[in-house]
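Here is a walk through one protein structure, taken a few contacts at a time. Keep the model open and find each residue as it comes up.

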Amino acid sequence: MELLFAPMEGITGYIYRKIHSEMFGGADMYYSPFIAPDSTGRFKAGNLRDVLPENNIGVPLTPQILANNPDAFLAVAGELAEMGYDTVDLNVGCPSGTVTAKHKGAGMLCDVKALDVFLDRVFSSCPIKISVKTRLGVSNSTEFENVLAVYKKYPLSRLTVHTRCASGMYKSPTEPAAFSPALEAFGDRASYNGNIVSIERFNSLADMYPALASVMMGRGVIADPALMRTVKGGAKADKNEIRAFHDALLAKTLESGLFEIYTVGRMKELWFYMSHMFPDCDKQLKAINKSKYISDYNAAVSSLFSNCAFDRDSFFPC
């Protein structure tokens, strides 16, 4: 089964992907945090840097675009094609209020007729293949019938379904049974996403859908960088490996030129997920969260690795 690494803005940039691929492996494809162009197709320099081929050598990557303007989408897809990419992913899954309010991401599901018009335009002109990452609907999974009817009209290279509605953000229970129509419609081009945060949950899903060809994992792999390797029969992470991974990320992020205060902020985002591997370590985790500069951040992290018990299998809330 193919394992796809979901994009997470602010975390899974090219530095993270490169180090994760080299140290843990297991991912058959990584997806970039979304590129959000303006109406003319222009986008931030940081988005460009993230998908430059020279920054992703040896890392299989599918860039993702967040757009509801077909011309803007096609402009970015054209640039990506010139870089050598053969597929681009359309984000119809982001549930953030700031995104959906602009009728982007999962906000595109508010009007399936408009989504249909958008897809008709981009599929008629896009120079490379298009995959889609979607939610079940806006507020109720019964909406997925109409959503899926639109997707079935187009030759999607892959349909990844996050089995929540937009209103559920990342806290509502997933609805694995709602994925069944997508698998029936798209076969091995259908990918499951949502709360695969342990090998037990992966195995449960595989038992539920024996024909499933791929799954996308996100937060579970951020919380346990070795999860994909473990799913494929490899070793679980140990404390020294997590320390080496952390140190490599910190060093390369600073080396990239990111200001110290922003680097600390980015590392603290990572600890929001990885902290579950260090249960009963509130004092050190609070010190990490309070840190502002590299000096106090490093002191807090060193204290955590030196004094806290490591438990890869402790429960990850989701």
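The paragraphs below cover a strand and its partners, then aromatic rings, then charged pairs. The model is predicted.

Start with strand β6, residues 129–135. Is this strand mostly covered or mostly open? It is mostly covered: six of its seven residues are buried. Strand β5, residues 87–92, runs parallel to β6, and six bridges join the two. One place to look is Thr-87, whose bridge partner in β6 is Lys-129. β6 also pairs with strand β7, residues 159–162. That pairing is parallel too, with four bridges. Here Lys-133 stands opposite Thr-160 of β7. Now trace the path between these strands. β6, helix α6 (residues 144–151) and β7 form a β-α-β unit, and the unit is right-handed.

Arg-135 lies over the face of Tyr-170. The distance to the ring centre is 4.9 Å.

Next come the aromatic rings. A pair of rings is described by how far apart the centres are and by the angle between the planes. How many aromatic pairs are there? The count comes to 14. Take Phe-24 and Phe-245: their ring centres are 5.1 Å apart and their planes meet at 80°, so this pair is edge-to-face. The two residues come from distant parts of the chain, 221 residues apart. Phe-24 sits in the loop between α1 and β2, while Phe-245 belongs to helix α11. Phe-24 has a relative accessible area of 5%, so it is buried. Phe-245 is at 0%, so it counts as buried as well.

A second pair joins Phe-179 and Tyr-192. This one is also edge-to-face, with 5.3 Å between centres and 80° between planes. Phe-179 lies in the loop between β7 and α7, and Tyr-192 lies in strand β8 (residues 190–193). They are 13 residues apart. Both Phe-179 and Tyr-192 are buried.

Charged side chains are the last stop. Those of opposite charge can pair when their charged atoms come close. How many salt bridges does a search of the whole structure find? It finds eleven. Three of them follow.

Arg-121 forms a salt bridge with Asp-71, with the closest N and O atoms 2.7 Å apart. This pair links distant parts of the chain: Arg-121 is in helix α5 (residues 112–125), and Asp-71 is in helix α3 (residues 70–83). The separation is 50 residues. Arg-121 has a relative accessible area of 34%, so it is partly exposed. Asp-71 is at 45%, so it counts as partly exposed too.

Glu-22 is exposed, at 57% relative accessible area. Lys-18, at 26%, counts as partly exposed.

Finish at helix α11, residues 239–255. Lys-252 and Glu-255 lie there three residues apart, again about one turn. Their side chains meet in a salt bridge of 3.5 Å, N to O. Lys-252 is partly exposed, with a relative accessible area of 42%. Glu-255 reaches 59%, so it is exposed. Helix α11 also holds Phe-245, which is buried.

Technical notes:
Residues are numbered from 1 along each chain as its sequence is written. This is a predicted model: local features need pLDDT of at least 70, side-chain atom pairs count only at pLDDT 80 or more; totals for chains, interfaces and linings use all residues. Side-chain values use heavy atoms; hydrogens and water are left out. A salt bridge is a side-chain nitrogen of Lys or Arg within 4 Å of a carboxyl oxygen of Asp or Glu. Buried means under 20% relative accessible area, exposed over 50%, partly exposed in between (1.4 Å probe, protein chains only). Two strands pair if DSSP finds at least two bridges between them. A crossover is right-handed if, with the strands pointing away from the viewer, the path from the first strand over the helix to the second runs clockwise. Rings of Phe, Tyr and Trp (its six-membered ring) pair if their centres lie within 6.5 Å; planes under 30 degrees apart count as stacked, over 60 as edge-to-face and the rest as tilted. A charge sits over a ring if NZ of Lys or CZ of Arg is within 6 Å of the ring centre and within 35 degrees of the ring normal.
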